[in-house]
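Subject: Structure handover

Hello,

Here is the structure I promised to pass on. Please open it alongside this message; my notes follow below.

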Amino acid sequence: MRKLKVRAWDEKRREMFIPYYGYLPKGMKRKRDFFIGFNSTGLEVSEYEGKGFWRVMPIMLFTGLIDKTGVEVFAADILQVPHDDGCYHLKVTYDEEYARFWFIDEADGDHCYAPDEFDVAEILVIGNTYANPELLEFEEAV
């Protein structure tokens, strides 16, 4: 079984980060106070903001895939995938019902592709849905 790897999007700071839990690597100091755990809707990352308030942030799971430049692929990433007519921009999502990842083409009516339908060595992470939503406004093949 592989180790669970997650990242989170901090809308307040407009940055993606890897929340550390448990013991930190040697020489690393905790900069922020996080809680990683399960709530009624699933896994969450929260940051303590003081006075009893916690801010919940979107969390993304690692797919186990690596793109052609060595970048890890997470849920909510936007991929550039080659196709006969050029390339498409696809959103990576996790489907809890089927416990699997899908590549979604929102420009083609939310058409779903399984990651094994592509040569994974050819995919490229070009952004994510939080920092680069404009990349999904891709109407047709380039």
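**Salt bridges**

Glutamate 106 is partly exposed, with a relative accessible area of 33%. Keep in mind that this is a predicted model. Glutamate 106 pairs with lysine 91 in a salt bridge, and their closest N and O atoms are 2.6 Å apart. Lysine 91 sits in strand β9 (residues 86–95), while glutamate 106 sits in the loop between β10 (100–105) and β11, so the pair ties together parts that are 15 residues apart in sequence.

How many salt bridges does a search of the whole structure find? The count is six. Here are two others from my notes.

One joins glutamate 72 to lysine 5, with 2.5 Å between the closest N and O atoms. Glutamate 72 belongs to strand β7 (residues 72–74) and lysine 5 to the segment before β1, so this bridge ties together parts that are 67 residues apart in sequence. Are these two residues buried or partly exposed? Glutamate 72 is partly exposed, at 26% relative accessibility. Lysine 5 is partly exposed as well, with a relative accessible area of 32%.

The other joins the side chains of arginine 55 and aspartate 10, at 2.8 Å from N to O. Arginine 55 is in strand β5 (residues 53–57) and aspartate 10 is in strand β1, so the pair ties together parts that are 45 residues apart in sequence. Both ends are buried: arginine 55 has a relative accessible area of 15%, and aspartate 10 has 0%. The contact between the side chains of aspartate 10 and arginine 55 is also listed as a polar contact, at 2.8 Å. Arg13 comes in here too: Asp10, Arg13 and Arg55 are linked in a network of salt bridges.

**Arginine 7 in β1**

Strand β1 (residues 6–10) also holds arginine 7. Is arginine 7 buried or exposed? Arginine 7 counts as buried, because its relative accessibility is 11% and the cut-off for buried is under 20%. Its side chain makes a polar contact with the side chain of aspartate 77, at 2.3 Å. Setting aside residues up to four places away in sequence, arginine 7 touches a list of residues that includes Met16, Phe17, Ile18 and Pro19. Also on that list are Pro58, Ile59 and Met60. Phe74, Ala75, Asp77 and Asn128 are among them too.

**The five-stranded sheet**

Five strands form an open sheet, in the order β11-β10-β9-β8-β12, with antiparallel pairing.

Look at β8 and β9 next. Strand β8 (residues 77–83) pairs with β9 in the antiparallel sense, over six bridges. Histidine 83 stands opposite glycine 86 in β9.

**Phenylalanine 103 in β10**

Phenylalanine 103 is placed in strand β10. It counts as buried, at 1% relative accessibility. Phenylalanine 103 and threonine 93 are ten residues apart in sequence, and their C-alpha atoms are 6.4 Å apart in space. Not counting residues up to four places away in sequence, phenylalanine 103 touches Leu65, Leu79, Leu90, Lys91 and Val92, among others. The list also includes His111, Cys112, Tyr113, Pro115 and Phe118. Lys91 on that list is the lysine of the bridge to glutamate 106.

**Alanine 114**

Alanine 114 is in the loop between β11 (111–113) and β12 (124–128). Alanine 114 is buried, with a relative accessible area of 7%. Its contacts, leaving aside neighbours within four places in sequence, are Arg100 and Trp102. Alanine 114 and valine 92 are 22 residues apart along the chain, and 9.9 Å separates their C-alpha atoms.

**Cysteines**

Cysteine 112 counts as partly exposed, at 39% relative accessibility.

Best wishes

How values were computed. Residues numbered from 1 in each chain as written. Predicted model: local features only at pLDDT ≥ 70, side-chain atom pairs only at ≥ 80, totals over all residues. Heavy atoms only, no water. Helix = DSSP H or I, 4+ residues; strand = E, 2+ residues; numbered from the N terminus. Buried < 20%, exposed > 50% of the residue type's maximum accessible area, 1.4 Å probe, protein only. Polar contact = N/O pair within 3.5 Å; in protein donor to acceptor, adjacent residues only side chain to side chain. Contact = heavy atoms within 4.5 Å. Salt bridge = Lys/Arg side-chain N within 4 Å of Asp/Glu carboxyl O. Pairing = 2+ DSSP bridges.
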